[in-house]
Amino acid sequence: MPATITTAAAAAAAITTSGSVPSSDASTVQGAAAMTANNNSSSSNSTTSSGRHQLRPVKYDYADSFACTYVVSVVAASIAELATYPLDLTKTRLQIQGEAASVASVAGGAKANMQYRGMVATAFGIVREEGALKLWQGVTPALYRHVVYSGVRICSYDLMRKEFTQNGTQALPVWKSALCGVTAGAVAQWLASPADLVKVQIQMEGRRRLMGDAPRVHGAAHAFRQIIQRGGVKGLWKGSIPNVQRAALVNLGDLTTYDTIKHLIMHRLQMPDCHTVHVLASICAGFVAAIMGTPADVVKTRIMNQPTDELGRGLLYRGSVDCLRQTVAKEGFVALYKGFLPCWIRMAPWSLTFWLSFEQIRKMIGASSY
């Protein structure tokens, strides 16, 4: 290599001093010099590149980190919750009304006739009888719930998905996606069950007062204290079993459907990762989640809303199986789908709002597509 460099340098010097050489010789000399320079440059770049990679590792992208994904999921869920909460309140009232009518009729009152309403009548009844702001009654513990629930379910699903694929870049088989969705939903809901219990009890206070019953709680903090006084710390997880069952089914419908449909549309229709894909996938996710989660949601709501004795034991149902049996025996199988329409009408825009917000925020901060 030094001899070649010396020869090329000597040839260049000869050209400079003599002023002229045959064109063919000049081309040969220039080609040799260029080849030598390229080889030296390549060797130098290789060394520099190797040294740079060794001294400066690839910068970590915090936009795709666990903490950032957690925060983004909580923010997106809070936006969706505030936008669709009145539908959740309406759904809860519809799920309780058959149970309330039975209690009223046993008590000998004529109140049973005023309990049965449809979705629209229930919503307008809340506005007329309790005030428009009551449509957001219980939204504070609902937001507290999403600080735990949405953050855990999204991040745990993402971690499991990355374990099953090459860093989450490939579409999961349906059965693996279903397994991840069920597990993520169950774990997240079990952790967030206390906030869900407080939310349900606050949601029903307006109806209790209209029926002439004494109020049980006066706010989220008071409800929290009352639950602990009656049933201890474990009382915060009253109804957690049907709650976890519901969340597992809902996330089986939501996370699995969204992930599967999104990749299916992008692959089959050759579409980019855009808002159109997000809208189609989220609508399908909301519909499937409503179908799978409504029966467990009815059982969960009734168990959480039932009165308890001094020891925290339910006075109406012994557990989720007993609640399921009594509901079907007294009101028929269709009663398990009470509130399905508002449940679906809420889940569709909730899922749409959540996933659009989630994907858009990730795009704004430079994170990869979910």
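Q: What share of the contacts in the protein chain with a separation of 6 or more comes from residues 24 or more positions apart?
A: The structure is a predicted model, in which local features need pLDDT of at least 70 and side-chain atom pairs count only at pLDDT 80 or more, while totals for chains, interfaces and linings use all residues. Residues are numbered from 1 along each chain as its sequence is written, and side-chain values use heavy atoms, with hydrogens and water left out. A contact means heavy atoms within 4.5 Å. Among contacts with a separation of 6 or more, the share from residues 24 or more positions apart is 76%.

Q: How many helices and how many strands are there in the protein chain?
A: Helices (H or I, at least four residues) and strands (E, at least two) are DSSP runs, numbered from the N terminus. Read along the sequence, the pattern is α-α-α-α-α-α-α-α-α-α-α-α. The count for the protein chain is therefore twelve helices and zero strands.

Q: Are α5 and α6 roughly parallel or roughly antiparallel?
A: Two packed helices are described by the angle between their axes and the distance between the axes. Axes are lines fitted to C-alpha atoms, for helices over the stretch in contact, and angles run from 0 to 180 degrees between N-to-C directions. The axes of α5 (residues 139-164) and α6 come within 8 Å and cross at roughly 170 degrees. Angles under 35 degrees count as roughly parallel, over 145 as roughly antiparallel, 65 to 115 as roughly perpendicular and the rest as oblique, so α5 is, relative to α6, roughly antiparallel.

Q: Is Cys155 buried or exposed?
A: Cys155 is in helix α5, where it touches Phe66, Thr69 and Tyr70, not counting residues up to four places away in sequence. Buried means under 20% relative accessible area, exposed over 50% and partly exposed in between (1.4 Å probe, protein chains only). Because its relative accessible area is 2%, Cys155 counts as buried.

Q: How do the planes of Tyr258 and Trp355 lie, stacked or edge-to-face?
A: Rings of Phe, Tyr and Trp (its six-membered ring) pair if their centres lie within 6.5 Å, and planes under 30 degrees apart count as stacked, over 60 as edge-to-face and the rest as tilted. For Tyr258 and Trp355 the rings are 3.9 Å centre to centre, with 5 degrees between the planes. The pair links distant parts of the chain, with Tyr258 in helix α9 (residues 240-268) and Trp355 in helix α12 (residues 340-364), 97 residues apart. The Tyr258 and Trp355 pair is stacked.

Q: What kind of pair do the rings of Phe354 and Trp355 form?
A: Phe354 is buried, and Trp355 is buried as well. Their ring centres are 5.0 Å apart and their planes lie at 75 degrees, so the pair is edge-to-face.

Q: Which residues are linked into a cluster by ring pairs?
A: The structure holds ten aromatic pairs. Ring pairs link into a cluster Tyr258, Trp350, Phe354, Trp355 and Phe358.
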